Amino acid sequence: MSDTESRTDGDAAVTARIRQNLEQTTVEDVGLYVVLLVMAAFYLVPIESGLVTSFKTGTAVIETAPFAPPGPSGFTLAKWQAAVDALLRGMGNSLLYAVPATVISAVVGSLMAYGLTIPNWKQAYKAPLLAIIIAGIFIPYQAVLVPLTQFWSQWVELTSLLSFVWALGIPNDYAGIIELIVTHVAYGIPMCTLLFRTYYTNLSEEMIESARLDGASLRRVYRRIVLPLSGPMFAVVLIYQFTQIWNDLLFTLVLVATESSPAAPVVLILAGLGSSLEGQDFALRMAGAFLAALPTLAVYIFFGDEFAEGVAA
Amino acid sequence: MATLELDSVTKVFQDGNDEIVAVDDVSASVDDGEFLVVVGPSGCGKSTMLRMIAGLESITSGTLSLADRVINDVKSQDRNIAMVFQSYALYPHMSVRENMSFGLEESTDIPDDEIQQMVSETGELLGISELLDRKPSELSGGQQQRVALGRAIVRDPEVFLMDEPLSNLDAKLRAQMRTELQRLQDDLGVTTIYVTHDQTEAMTMGDRIAILNDGRLQQISTPLECYHKPANKFVAGFLGEPSMNFFDVTLQDGVLRGDSFEYPISSDVQANLGDTTDLVLGIRPEDIELVESASGDHDFETVVDVIEPMGDENTVYLQFDPDAGEDAETLIASTDGFTRVPEGDEVIAQIPEDAIHIFDRATGDALHNRSLDDAETIDLE
Amino acid sequence: MFDNLRRLFAALSPSSRADEEVRPDGGVVSEESARQPDSGSDPGPVGRVTEALNSRFGSDFTESSVFWLLPFLLMALFVYGAIIWNLLISLTDYRGFANAPDYSNLDFEMYARALGDPGFIDAAINTFVLLIGFTGVTLVVGLVLAILIDRGIRFENSFRTIYLLPMSLSFVVTAQFWLWMYNYNNGIVNSVIGVFGLGPVSWLGNQAVVLPAIIFALMWQFSGYAMVVYLAGLRAIPSEHYEAAKVDGASTMKMYWRVIIPQLKGATISAAVVLMVFAMKAFDFLYSLVGGYRPPNGADILATKMVREAYANLNWAYGSAIAIVLFAMALSVIGPYLVYEYRRDNL
């Protein structure tokens with residue numbers, strides 16, 4: 001509620017400033033737009049250059065300017081074809097862990113944020129707990145890698161624990177996918193909790209109290225009041241988490257290890273794509289990069305506002 | 001039946017190393033079906049008291065019982081108490097119908113069709129039947145207020161708690177809802193505790209009013225008794241607008257000596273005072289008569305300083321000794337709206353002895369209250 | 001999950017209370033005992049523990065624990081359990097193909113080795129330079145962008161979307177783009193500086209420029225983020241402040257420098273902390289740049305060295321020790337930040 005209010009206030013201020021600007025269009029304003037466009041070019045050029053390059057033949061890559069589109073003779077879809085062949089399996093694998101891990105961590109984050117925000121227990125105990133959780137967002141993952149490897153290879157050996165699954169003919173490399181789900185959920189919890197918590201602290205306290213007085217237990221309050229009101233935040237968290245998990249290389253590198261594995265995620269294959277002894281095939285690399293970025297780019301283009309909200313929190 | 005009993009209820013908040021006593025040793029008993037208005041200045045602990053009854057705040061010490069059952073440790077959701085909040089606290093994602101049925105669904109096993117029946121009936125009672133399928137955001141403030149009320153009523157709880165429910169309405173709607181609320185409460189006969197800072201609401205709505213100050217219960221009685229027979233100086237000053245005039249006086253030989261005047265009192269009045277000599281004399285503005293000429297020793301010469309015409313009455317600020325400038329003691333009197341008293345004029349203020357209140361200056365306790373012998377129409381009980 | 005817990009509670013309660021209603025909150029409250037709490041009836045061991053916990057931590061403590069306890073334990077195990085374990089491993093001599101470290105003989109040998117390893121010192125210095133350089137440059141660019149966008153321009157949303165676009169891409173993808181941008185023969189960067197008669201420069205091959213080049217690429221990716229944070233900060237400043245400064249006769253530059261930017265302290269701190277964390281995670285970028293564990297010469301940072309030592313050279317204990325150093329660096333940034341937020345009651 002208050003959110004929309006402040007936004008309209010902001011809009012009013014902005015319109016006022018726009019009006020002011022329209023009344024006196026000056027050299028300064030022209031300069032402003034030139035700078036803005038130059039900056040836009042700066043952010044777009046690497047992407048644009050990658051895109052045009054991905055459609056070029058080997059000769060065109062060398063002969064045409066890197067940002068110029070390929071001529072009719074230099075145009076080819078072969079690199080995209082090759083990239084799809086190389087990456088499609090990886091994209092499937094990535095979805096296999098990114099989607100469940102995203103959904104689980106969002107749900108868990110919502111539950112946890114609710115339990116740490118709305119129920120009535122002492123702030124003196126809540127605050128340190130929250131500090132511990134939030135600090136978890138900022139841990140460099142290198143600090144947990146070796147134990148993580150130990151944990152999954154010595155303590156919880158999914159390859160042997162789930163032998164009945166591999167007996168069905170599924171390559172046991174897919175244990176890595178399950179490991180990735182659990183790992184991403186565990187490390188995603190702090191951020192998801194923080195995002196939901198910010199949202200829940202802004203819910204009307206009287207409304208929650210009213211529901212308690214109406215006879216609803218904490219569980220029912222969550223189910224019938226808080227969860228239905230969490231929709232917008234779920235969008236933000238799902239988008240944020242999906243982008244993070246899809247894009248992460250480090251954990252896949254450590255848990256799945258080789259790009260030749262049948263369970264290799266797309267980032268792992270992409271990191272080694274197009275480099276061989278003869279040199280680097282940039283057109284193929286660019287095509288691969290775009291293919292791998294496709295899901296997150298789509299999410300960004302369709303849900304840009306939610307994405308901005310997620311990163312700004 | 002649902003008698004609500006507070007026995008030495010105390011609430012202490014910890015603020016770092018400081019202890020803040022929000023509610024201090026309050027004992028009160030609210031009878032079944034009674035309408036009790038809790039009133040006091042902001043920060044007096046009235047909302048905390050209400051929230052303790054609701055189970056939204058823990059009770060530091062003392063016991064709270066409902067129908068002879070101690071409910072200190074019973075959670076809000078199990079208390080069968082309904083509360084109307086100042087902000088209404090409607091569930092924004094639910095329609096009015098869902099808002100009203102929520103409590104019944106959560107707290108009872110009543111089948112859905114019966115719940116719908118009850119919601120419709122309550123909707124009719126409150127005249128909001130045509131709003132049942134709307135969302136709260138589509139309602140006006142007054143309509144939201146009715147829904148909040150309906151949500152509480154439909155549950156048929158043992159106790160209604162209301163936390164300044166009318167304060168977000170405009171003045172006209174507020175007056176209208178005040179009457180309607182009273183009528184509803186009379187019809188439903190549910191024990192109601194109503195918190196407000198508005199003394200008009202306090203005086204007009206409650207069967208009894210409880211006046212709180214600094215977390216302490218000052219007086220709990222019928223509105224008129226609190227008004228005419230205040231237990232102490234705080235209550236006397238809190239109720240009434242403009243508020244009671246107070247003068248520090250000392251009793252000497254049957255005369256109350258103040259800075260600007262001397263007021264002889266009869267032996268009957270003096271008998272109530274005991275040995276106390278450091279006193280405060282109180283007189284309500286409407287009890288002061290403005291007369292042409294002094295005729296007794298309860299008449300005082302004053303000068304009109306300021307006059308505030310209110311239409312139906314005038315509030316007149318009188319000074320005993322205009323030469324004293326800033327320090328001059330002021331007396332406030334209410335006169336009817338047609339009396340013309342020009343500013344600067346000398347008038348005689350008559351302070352009738354049967355209307356005076358006398359308080360102990362040290363404790364604030366009322367030692368003598370006005371007599372009501374000639375006020376046969378007033379029923380204090 | 002809830003149902004299991006409820007069953008667990010029910011199972012733990014004395015069987016004589018089977019007739020009682022099991023509350024959804026997991027506690028057991030009979031109508032009888034609630035009516036006569038002083039009758040001396042025994043609430044059972046679970047009830048007593050629940051009561052004791054609630055009176056210590058607050059009335060909803062046990063009921064709410066269903067929501068946060070399990071996820072908290074999972075998170076604590078994977079984050080803090082793992083860090084402690086990592087610390088332990090760093091004190092062993094664990095290396096090679098052995099399955100598990102030998103915890104019987106703990107010493108600080110690996111830390112001593114790090115101090116004597118010029119590669120480690122270089123990586124530490126590079127990490128520091130990357131952290132400071134990247135954070136500083138990104139904040140400045142982000143602030144400028146935010147101020148430009150906040151001047152009531154048209155197409156504000158389009159500009160903002162474009163500036164934030166690289167942030168949605170993964171390190172692995174942006175590394176491919178910049179590999180191509182920095183290409184010696186065909187890269188755009190060399191074409192651009194060629195216009196001014198400079199270069200070509202081997203951006204990723206020359207030790208002197210590789211780190212700045214990487215900082216520049218990372219800035220490209222994350223300055224949009226800094227912009228978003230600053231934009232939120234700017235929007236929170238009431239427009240009266242702009243007007244007051246104008247009325248006072250301040251020039252636009254002066255107004256921003258003296259009135260607006262000082263009010264962005266909070267935004268700067270939170271953006272800086274997050275950017276530093278991104279910088280410490282730059283491993284993904286450097287790995288993808290070369291498709292292997294060894295980043296370009298002169299661009300090795302602790303994050304890459306740690307992974308290389310552990311996973312390429314199988315020096316597990318040494319890698320763990322480097323990880324602990326990295327963690328300490330992170331902690332020295334995060335610790336004060338969390339204390340700052342706690343003091344402002346933001347937790």
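Me: What makes up the accessible surface of chain C?
Reply: Chain C has about 15800 Å² of accessible surface, with 63% on carbon and sulfur atoms; such areas come from the Shrake-Rupley method with a 1.4 Å probe, and for residues only the protein chains shown count as cover. This is a predicted model, where local features need pLDDT of at least 70 and side-chain atom pairs pLDDT 80 or more, while totals for chains, interfaces and linings use all residues. Residues are numbered from 1 along each chain as written, chains are lettered from A in the order written, and side-chain values use heavy atoms, without hydrogens and water.

Me: Why is 53% of chain C called buried?
Reply: Buried means under 20% relative accessible area (over 50% is exposed, in between partly exposed; 1.4 Å probe, protein chains only), so 53% of the 347 residues of chain C fall under that limit.

Me: Good! Why do β16(B) and β17(B) count as paired?
Reply: Two strands pair if DSSP finds at least two bridges between them; β16(B) and β17(B) have six, so they pair, in the antiparallel sense. Val303(B) stands opposite Gln319(B) in β17(B).

Me: And what makes β19 (residues 346–350) of chain B a partner of β16 (residues 299–309) of chain B?
Reply: Five bridges join these antiparallel strands, with Glu301(B) partnered by Ile348(B) in β19(B).

Methods
Helices (H or I, at least four residues) and strands (E, at least two) are DSSP runs, numbered from the N terminus.
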